[in-house]
Amino acid sequence: MSNLIFYAIAGIVVASGLLSLTVRNLFHCALFLAMTMFGVSGVFLYLNSDFLASVQVLIYVGAVTVIIIFGISLTRNLMDDRAKAMNRQLLFAVLAAAVLTVILFAAIHQSSFVTQEHPMAVTLGTVTSDTQSMTAVEAGASPVFQSVGYLADALLLPQNGFAFAFEFVSILLLSALVGAIVIARKDPS
Amino acid sequence: MLTGENIVQLVSGLLHWAYAQAGISSLAGVIDPIISAVVMFGFIAVFVMFLVWMERKVSAHMQSRIGPNRVGPLGLLQTVADAIKLTIKEDVKPVNRDKVPYFIAPIVAFVATFMGMVVIPFDKGVVVQDLNVGILYIIAITGFTVIAILTAGWSSNNKYALLGGFRSAAQIISYEVSLVLSVVPIIMITGTLSLSGIVEYQKQAGYWFILPQIVAFLIFITSATAEANRAPFDIPEAESELIGGFHTEYSGVKFAMFFLGEYIAVVVSSAVAVTLFLGGWLPLPYLDFLHIPGFVWFLAKLLLVIYLIMAFRWTFPRLRVDQLMDFGWKVLIPISIINILATAVVWFCLYGKGAQ
């Protein structure tokens with residue numbers, strides 16, 4: 001049953017991801033991209049990571065896709081179904097995609113995943129179709145693991161060693177923001 | 001004593017007895033959420049009908065008119081008549097529309113706002129699904145309306161619809177920033193993203209957050225009004241300039257879905273405002289001896305905030321596009337950032353550490 005749900009979500013993600021690359025109409029591409037991102041948040045929900053699922057929707061559907069739609073609306077031939085799907089940067093695109101794939105594979109290979117014995121996983125298997133957990137839900141206990149606090153501890157506690165990287169990324173984003181404003185600013189003259 | 005929690009326990013007890021009789025107890029985990037979502041849908045449909053009537057009465061009162069008074073007592077059935085009219089209307093579609101997106105856009109706009117209602121706690125324990133990232137979930141899921149509006153404007157293949165769609169998207173994105181920033185101080189103080197948790201904190205603290213966070217409340221209400229595309233921030237629709245904006249080419253049931261979505265957006269934002277700033281289901285101070293159930297308090301506060309948002313619409317003139325953007329980016333966002341910093345400093349001085 002739960003495997004079926006996973007394959008349904010994964011199927012939607014892969015199918016709409018492929019469609020977002022192959023459909024000729026740019027606007028449809030953006031909509032399929034939104035669907036892909038929403039599907040990925042479904043995967044996060046399936047893994048009981050409600051915080052990541054919310055943030056995925058907030059950032060990738062609510063912000064990134066909308067920016068992309070704004071961007072492509074400013075281009076010509078928007079409604080044209082015969083537009084070329086390839087361009088001159090094919091080589092670099094393939095290179096970047098290959099590098100990203102290698103990095104992702106390495107990261108997935110090296111990380112240790114949460115198994116059934118982990119305290120995180122205990123609540124997961126018993127959420128539905130179990131009278132005991134139903135009463136727990138009625139008593140106000142959330143069936144979903146408290147991922148917010150866990151993430152905060154993992155990222156921000158000094159002994160875990162991610163605090164510097166976290167702050168560094170936030171400074172990077174801030175400088176990107178300031179840079180965007182400088183570029184968008186009207187010429188003083 | 002009658003409380004919302006007791007009612008929910010009674011109903012779920014009856015339901016589980018019925019499951020046992022029918023021999024489908026093992027499916028309770030699947031059926032229960034569906035039933036509660038359907039109940040929520042029924043509630044919101046009736047409530048929105050009431051709100052449309054209320055809006056017309058409020059506007060009539062402000063303009064020294066009587067408002068609807070022919071259909072049913074006090075004109076209460078006027079909205080029902082309007083709804084029937086909308087559903088049997090001919091569905092006029094532009095020939096050059098982009099068929100699938102044109103069809104999907106109103107559905108997404110409606111579903112996205114309705115999904116926000118799912119985490120609103122009406123009383124202690126009376127909530128469809130009490131997510132512990134509740135407030136983040138609402139902000140995220142209502143973000144879908146931007147895509148729905150852009151899609152509606154674009155797929156109609158009409159310049160007014162497209163202009164309205166883009167104006168609307170720009171406005172929603174801009175005001176979403178200040179909306180989220182105005183919520184941050186509450187999360188900093190309570191240390192939780194769960195809506196029930198925030199209400200419980202206010203119960204223990206003994207005060208509602210509108211007192212220390214009045215600035216955040218004002219920013220939240222203003223941004224929420226702008227997010228719902230309501231006057232004085234209704235430039236995306238602006239009948240006089242854009243003949244209806246993104247829903248120009250929509251009629252019949254599809255238009256009704258946008259209309260419904262707009263009102264549900266008002267309900268969701270008001271419900272979040274009540275939960276965050278007005279103590280949710282908590283009774284007024286010194287009035288808890290009356291033993292009025294929590295959901296009555298919640299609905300009373302909800303109607304008060306909705307009345308406030310309706311009163312805005314009939315009091316203020318519409319803003320210009322540049323004024324709107326200036327107000328959002330140069331006034332609301334700086335104030336909310338200063339509010340966050342001030343809250344952090346004050347709470348650090350008072351308690352010497354972060355939340356909890």
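Predicted model: local features only at pLDDT ≥ 70, side-chain atom pairs only at ≥ 80, totals over all residues.
Trainee: Which elements make up chain A, going from the N terminus?
Mentor: There are 0 strands to look for in chain A. Reading from the N terminus on, you get α-α-α-α-α-α-α-α. The count for chain A is 8 helices.

Trainee: How much of chain A is buried?
Mentor: Buried here takes under 20% relative accessible area. Chain A has 189 residues, and the buried share of them is 21%.

Trainee: How big is the area buried between chain B and chain A?
Mentor: On the contact side, 31 residues of chain A meet 30 residues of chain B. Carbon and sulfur atoms give 76% of the buried area. The total is about 2,500 Å².

Trainee: Which three residues supply more than any other three of the area that chain B buries against chain A?
Mentor: Together this trio supplies 25% of what chain B buries there. They are B:N132, B:I147 and B:W154.

Trainee: Which helix gives the largest share of the side of chain B that touches chain A?
Mentor: Several helices of chain B give two or more residues to that side, including helix 1 (4-22) and helix 7 (159-190). The largest share is 6 residues, and it comes from helix 6 of chain B.

Trainee: How many salt bridges does the rule find across the interface of chain B and chain A?
Mentor: The side of chain B that touches chain A has 17 nonpolar, 9 polar and 4 charged residues. Polar contact across the interface comes to 1 residue pair. For salt bridges, the rule finds 0.

Definitions and conventions: Residues numbered from 1 in each chain as written. Chains lettered and ligands numbered in written order. Heavy atoms only, no water. Helix = DSSP H or I, 4+ residues; strand = E, 2+ residues; numbered from the N terminus. Buried < 20%, exposed > 50% of the residue type's maximum accessible area, 1.4 Å probe, protein only. Contact = heavy atoms within 4.5 Å. Buried area = accessible area lost by both parts, 1.4 Å probe. Salt bridge = Lys/Arg side-chain N within 4 Å of Asp/Glu carboxyl O. Polar contact = N/O pair within 3.5 Å; in protein donor to acceptor, adjacent residues only side chain to side chain. Nonpolar A, V, L, I, M, F, W, Y, C, P; charged D, E, K, R; others polar.
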